[in-house]
Amino acid sequence: MILMRLNVREDLCPTQQHNAEVEHLTEVLKERKKESKRLRSSFDTLKELNDNLKKQLNEVSDENRKMEIQAKRVQARLDNLQRKYEFLTIQRLKGNSHAAHEVKSLKQDKIPVSKTCKVPLNAQVYELLTTFMDWISDHHLSKFRHEESGMDGEKPLFKLSSQRNDIQEKCVKLLPVIAEQLQWMPYVNAKLHEPFIKFIYWSLRQLDNRTQHSTLTSTLRRLGEDVFKGVAVKGIHDDSVEHSVENKLKSAAFFKSSNLQLRFLSTLIVIKTVTQADYLAQAFDSLCVDLQTDEGKTLFLEYQAVPVVLSHLKISSKGLLSNVIDSLLQMTVESKSLQPFLDACSNTLFFRTCSVLLRTPKLDLQILEKLSIILQKLSKIKSNKKLFELFTIHMMLQEIQRTTHPEHAFLCINLNSTLFNLGLTKCNSLVSNASR
């Protein structure tokens with residue numbers, strides 16, 4: 001009897017186990033069905049959304065085509081008005097009184113004449129032109145006269161200083177006028193933007209060593225902001241649809257221009273005039289991107305941008321310090337611009353700036369590594385040894401070398417190489433330290 005009971009229990013256990021497995025699989029199947037229904041519902045929803053988006057896209061495409069046709073019509077009307085204005089201007093210059101009468105009748109009829117007609121009537125344009133003429137007469141024609149007489153090399157130092165101050169005074173008077181003229185750039189041919197911005201840049205560079213007074217400071221800040229944001233036509237209260245479209249089409253982009261040279265000059269102007277950290281960060285990001293090209297490096301040298309960048313290579317610009325040194329580091333990449341860049345850095349301004357930066361306690365390791373790359377390349381120029389010694393940079397590098405942990409191999413190698421180039425370490429110590 002005992003054996004029979006045991007057999008029955010053995011028969012029941014597998015059955016219960018099978019039933020349990022069936023129940024478990026049934027539950028799993030139900031969950032899978034529910035999940036399948038959810039996925040199908042989600043798919044149907046996405047399909048419906050996709051169909052709606054396609055419908056909206058078609059509607060937007062149709063509207064876009066209509067707007068393009070309208071824009072072409074507005075542009076054609078603008079061209080016609082421009083030609084008519086030019087004709088009337090010529091007639092007026094010839095003393096044709098009938099043309100003047102037509103201009104008055106146009107104003108009375110409220111025909112949306114292009115705002116370009118106001119540019120020649122802007123008194124500041126003539127003021128700007130006369131200042132340019134004065135400048136050319138004083139500082140170009142007189143220079144040619146000196147060169148022709150062979151006296152250019154004999155001018156005394158105080159005379160050169162006087163001429164320098166005279167140029168700076170003219171820049172101070174000219175820059176507020178230029179800042180106002182930026183508002184007219186949307187009406188000027190885009191090809192003229194580059195020489196205009198170039199003139200602004202070189203005018204600003206004339207003021208590098210000048211103490212700025214409050215009125216000029218506000219002018220420069222406004223100038224930098226306009227160059228950064230670009231200038232668009234201010235809205236004119238007019239019910240005409242064509243006129244509003246015309247205004248939207250007119251703008252002048254400087255910092256955001258697709259023209260590399262115009263964008264590069266605008267970037268340097270922003271770096272030189274703007275104080276907002278977010279604007280400066282974007283400017284240095286743009287500069288680093290442009291310096292990745294050979295053309296950008298050439299422009300950096302052409303516009304003598306080292307002093308402009310160095311003005312932000314200081315611990316007070318902590319948030320920008322990495323971006324600033326990155327832009328300099330881009331110039332140290334092997335290229336035809338490398339040696340001219342190193343020559344441009346081989347001066348007291350660059351070494352004084354580096355000296356002040358190296359004296360900063362607990363300078364960030366990455367900043368120090370990047371700076372060590374530039375200094376290592378500069379140490380290869382024999383004449384720079386005097387500048388290293390003049391600003392005691394060689395002593396600071398020796399101290400940094402002594403206190404730097406051996407794990408920072410990259411920094412150690414650069415420091416050892418720099419000191420070796422300066423004749424302060426032996427070749428065998430350089431090799432031993434580099435092999436650690």
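This briefing walks through a predicted model of one protein chain, from its overall make-up to a few individual residues.

The chain has 19 helices and 2 strands; both are DSSP runs numbered from the N terminus, with helices being H or I runs of at least four residues and strands being E runs of at least two. Of its 436 residues, 36% count as buried, where buried means under 20% relative accessible area, exposed means over 50%, and partly exposed is in between (1.4 Å probe, protein chains only). Since this is a predicted model, local features need pLDDT of at least 70 and side-chain atom pairs count only at pLDDT 80 or more, while totals for chains, interfaces and linings use all residues. Residues are numbered from 1 along each chain as its sequence is written, and side-chain values use heavy atoms, with hydrogens and water left out.

**How confident is the model?**

- The chain's mean pLDDT is 79, and 73% of the residues reach 70 or more; pLDDT is the predictor's confidence in each residue, from 0 to 100.
- Residues 1–10 stay under 50 in pLDDT, and the model gives them 0 contacts beyond four places in sequence. A contact here means heavy atoms within 4.5 Å.
- The stretch 140–157 also has pLDDT below 50, but it has 10 contacts in the model beyond near neighbours in sequence.
- Looking at contacts in the chain with a separation of 6 or more, 72% are between residues 24 or more positions apart.

**The nonpolar core**

- In soluble globular proteins, nonpolar side chains tend to be buried together.
- A nonpolar core is a set of buried Ala, Val, Leu, Ile, Met, Phe, Trp, Tyr and Cys residues joined through side-chain atoms within 4.5 Å.
- The largest one here has 86 residues, and the members that touch the most others are Leu182, Phe300, Phe350 and Ile393.
- Take Ile393: setting aside neighbours within four places in sequence, Ile393 is in contact with Phe351, Cys354, Ser355, Leu358, Leu375 and Phe388.

**Cysteines**

- Searching the whole structure for disulfides (cysteine sulfur atoms paired within 2.5 Å) turns up 0 of them.
- Cys354 is in no disulfide, and its nearest cysteine sulfur belongs to Cys345, 7.9 Å away.
- Cys354 has a relative accessible area of 0%, so it is buried.
- Cys412 counts as buried too, because its relative accessibility is 16%.

**Aromatic rings**

- A pair of aromatic rings is described by the distance of the centres and the angle of the planes.
- Rings of Phe, Tyr and Trp (its six-membered ring) pair if their centres lie within 6.5 Å; planes under 30 degrees apart count as stacked, over 60 as edge-to-face and the rest as tilted.
- The whole structure holds 9 aromatic pairs.
- One of them joins Tyr201 and Trp202: the ring centres are 5.1 Å apart and the planes sit at 65°, so this pair is edge-to-face.
- Phe350 and Phe351 also pair edge-to-face, because their planes are at 75°, with centres 6.0 Å apart.
- Tyr201 is buried at 0% relative accessible area, whereas Trp202 is partly exposed at 28%.
- Phe350 is buried at 0% relative accessibility, and Phe351 is buried with a value of 0%.
- Lys256 lies over the face of Phe228, at 6.0 Å from the ring centre. To count, NZ of Lys or CZ of Arg must be within 6 Å of the ring centre and within 35 degrees of the ring normal.

**Two buried serines**

- Ser372 lies in helix α15, residues 365–378, and is buried at 6% relative accessibility.
- Apart from neighbours within four places in sequence, Ser372 is in contact with Leu411, Asn414 and Thr418.
- Ser266 sits in helix α8, residues 260–273, and is buried at 0% relative accessibility.
- With neighbours within four places left aside, the contacts of Ser266 are Ile197, Val227, Phe254 and Phe255.

**Positive phi in two loops**

- Gln304 is not a glycine, yet has a positive phi of about 50°.
- You'll find Gln304 in the loop between α10 (294–302) and α11 (306–310), partly exposed at 47% relative accessible area.
- Thr392, another residue other than glycine, has a positive phi near 50°.
- Thr392 is in the loop between α16 (385–390) and α17 (393–403), and is partly exposed at 25% relative accessibility.
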